[in-house]
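Dear colleague,

Please find the structure below, handed over for your own work. After it come my notes on the side-chain contacts, with the cut-offs given where each term comes up.

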Amino acid sequence: VILDMIVKDGLGAMEVIKELKKIDPSVKAIAASGYSDSMGKDFRTQGFQAVLTKPFRLEGFKDLLKTVLKVE
């Protein structure tokens, strides 16, 4: 799951990940943000496997997905 950190007039990633973890504690989630320091180093303790900083390049996105999903 890729979740945007801030959603105007909606739920952001921090609220959504808490609910997703209740449904499936093993959910793999990536936090996406245009602000590079919005998650800091605490993203793992919040339930995310990685942070995707926007704007991103397709090649970097692909590598991140491979890492999170542990795909060759």
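**Side-chain contacts**

The side chains of K22 and E19 form a salt bridge, with 3.2 Å from N to O, where the term stands for a side-chain nitrogen of Lys or Arg within 4 Å of a carboxyl oxygen of Asp or Glu. Please bear in mind that this is a predicted model, in which local features need pLDDT of at least 70 and side-chain atom pairs count only at pLDDT 80 or more, while totals for chains, interfaces and linings use all residues. Residues are numbered from 1 along each chain as its sequence is written, and side-chain values use heavy atoms, with hydrogens and water left out.

K22 and E19 are 3 residues apart in helix 1 (residues 13-23), and so about one helical turn separates them; helices (H or I, at least four residues) and strands (E, at least two) are DSSP runs, numbered from the N terminus. K22 counts as exposed at 62% relative accessibility, whereas E19, at 42%, counts as partly exposed; here buried means under 20% relative accessible area, exposed over 50%, and partly exposed in between, with a 1.4 Å probe and protein chains only.

By the salt-bridge rule the count comes to 3. One of them joins the side chains of K62 and E59 at 3.5 Å, N to O, and these two residues both lie in helix 2, 3 residues apart, or about one turn of the helix. K62 has a relative accessible area of 39% and is therefore partly exposed, and E59, with 49%, is partly exposed as well.

Another salt bridge is that of K54 with D4, at 2.8 Å from N to O. This pair links distant parts of the chain, since K54 sits in the loop between strand 3 (50-53) and helix 2 (58-69) while D4 belongs to strand 1 (residues 2-4), the two being 50 residues apart. Both ends are partly exposed, K54 with a relative accessible area of 30% and D4 with 31%.

As for the rings, the count comes to 1 aromatic pair. F56 and F61 make up this pair, which is tilted, with 5.1 Å centre to centre and 35° between the planes; rings of Phe, Tyr and Trp (its six-membered ring) pair if their centres lie within 6.5 Å, and planes under 30 degrees apart count as stacked, over 60 as edge-to-face and the rest as tilted. F61 counts as buried at 18% relative accessibility, whereas F56 is partly exposed, with a relative accessible area of 40%.

Best regards
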